[in-house]
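Please keep the sequence and the structure in view while reading.

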Amino acid sequence: MELFLFDISPESPRESFLPLSTNHRSGSVNVTWEPDVTFFIQGLASLGEKKMILFVILLLGYIIILGGNSMIIFVALTDSKLSSPMYFFLSNLSFVDIVYTTTTIPNMLSGLLTHVQTISVPGCFLQMYFFIQLAVTGRAILTVMAYDRYVAICNPLRYTAIMTRPVRLILITGAWSFGAFCTLPSAVMGWQRSYCGPYVVRHSWCDPSSVRRLVCGDTSVDNIVSLSFAMVSLLTTGVLILTSYVLIGVSMSRMGVAQRLKAVGTCAAHLIVVSISYGSASFVYISYRVGNFSPEVRIIVSVLYSALTPFLNPMIYSLRNKELQDSIRRSLSSFRPAAVSPRKDVSTVS
């Protein structure tokens with residue numbers, strides 16, 4: 001999720017052959033924020049023919065992400081049997097996953113097919129902002145879902161009275177607001193900086209750490225602010241999720257075997273998603289610090305990591321939830337009678 005924590009791009013000479021709009025002053029090249037100034041996305045140009053293999057893998061993964069999460073949103077909105085708060089939160093998480101991956105994967109797919117990829121300065125900062133904001137919002141929604149599971153297991157008799165529609169809307173609004181709160185400060189600071197050319201972003205999209213390397217001057221304050229809000233987003237959501245499951249565990253210890261199994265089934269899918277999300281984040285972060293990987297490998301790992309949870313979410317929830325499975329089957333089967341009904345009418349007439 002929070003790839004802005006990772007310093008993906010190693011120091012190396014900047015290319016001087018790129019056509020850029022620059023002004024030379026005191027041996028440096030400064031951005032004047034003219035309309036024609038653009039950033040050049042380096043991407044994975046060094047992979048050669050292997051780029052097509054990665055293109056096919058990413059394209060198929062992106063199609064599955066769009067299809068699976070769109071199906072969850074569709075059945076949650078149209079099936080009256082999926083009116084519980086859990087499906088409301090799940091559909092919001094699926095929406096965040098779709099937009100989150102859409103901010104980066106299409107850009108990367110385009111970069112794999114073209115030799116030179118550019119992006120405007122406003123477009124770069126918009127992409128950077130929404131990538132981080134949606135990542136934090138996704139974590140916040142997982143936190144809200146943990147609270148929903150806590151209420152359902154620890155206070156089942158008061159569940160419907162607590163998780164009313166206004167409460168659900170407040171929780172979702174809080175999740176989106178928390179994402180904006182953790183993202184805006186570093187984004188505003190980055191927008192106000194001057195950047196040195198050539199404006200080559202050593203990533204497949206406008207990754208914050210890669211863009212920050214282009215700043216003309218000291219970025220220690222930017223790094224501290226970015227890291228501080230990243231830790232706030234990770235620790236706040238992580239502690240709240242952990243607290244919810246500790247309380248769930250305490251409540252389950254007082255239940256009988258049958259109730260305990262039912263409680264495990266209620267929160268199993270969410271717990272798996274949270275474990276994969278935080279586990280993969282920890283693995284990637286630690287491996288970047290102890291391993292010596294090439295920039296290309298780090299870019300590929302960051303892309304696969306950012307797409308992992310959105311890719312697995314629909315599969316995990318549909319496999320672990322019989323209500324969702326039945327709803328998807330009903331939705332898919334509802335299109336078949338409409339397709340074959342004309343034949344029935346013809347046979348009846350004949």
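The largest pocket of this predicted model has a volume of about 540 Å³. On a 1 Å grid over the protein atoms alone, a pocket is an open set of points with protein on both sides within 12 Å along at least five of seven lines, whereas a cavity is a set of points where a 1.4 Å probe fits but cannot get out; lining residues have an atom within 4 Å of a point. Grid points are joined across faces, edges and corners, and a volume is the space filled by probe spheres set on the points.

Residues are numbered from 1 along each chain as its sequence is written, and side-chain values use heavy atoms, with hydrogens and water left out. As the model is predicted, local features need pLDDT of at least 70 and side-chain atom pairs count only at pLDDT 80 or more, while totals for chains, interfaces and linings use all residues.

**The pocket and a cavity**

The largest pocket is lined by 25 residues, and those nearest its centre are Arg 149, Ala 152, Ile 153, Lys 262 and Thr 266. Two or more lining residues come from each of α2 (85–102), α4, α9 (257–290) and α10 (295–320). Of these, α9 gives the largest share, nine residues. Helices (H or I, at least four residues) and strands (E, at least two) are DSSP runs, numbered from the N terminus.

The model has two cavities of 30 Å³ or more. The second largest cavity has a volume of about 160 Å³. Its lining consists of 15 residues, with Met 128, Ser 186, Gly 190, Pro 208 and Arg 212 closest to its centre. The elements α4 (121–154), α6 (165–191) and α7 (208–212) each give two or more residues to this lining.

The table divides both linings by class: Ala, Val, Leu, Ile, Met, Phe, Trp, Tyr, Cys and Pro count as nonpolar, Asp, Glu, Lys and Arg as charged, and the others, Gly among them, as polar.

| Lining | Residues by class |
|---|---|
| Largest pocket | 13 nonpolar, six polar, six charged residues |
| Second largest cavity | nine nonpolar, three polar, three charged residues |

**The sheet**

Three strands form an open sheet of mixed pairing, in the order β4-β3-β5. Because β4 (117–120) and β5 (200–201) stand at the edges, each with a single partner strand, one side of each is left without a neighbour in the sheet. Two strands pair if DSSP finds at least two bridges between them. Strand β3 (residues 38–41) runs antiparallel to β4, joined by four bridges. Here Phe 40 has Thr 118 as its bridge partner, and Ile 41 stands opposite Gln 117. On the β5 side, the pairing with β3 is parallel over two bridges, and Ile 41 has Val 201 as its bridge partner.

**Confidence**

The average pLDDT, the predictor's confidence in each residue from 0 to 100, is 80, and 82% of the residues score at least 70. Over residues 1–34 the pLDDT is below 50, yet this stretch has 104 contacts beyond near neighbours in sequence. Contact means heavy atoms within 4.5 Å. Residues 344–350 also have pLDDT below 50, with zero such contacts. Where pLDDT is low, the predicted coordinates should not be read in detail.
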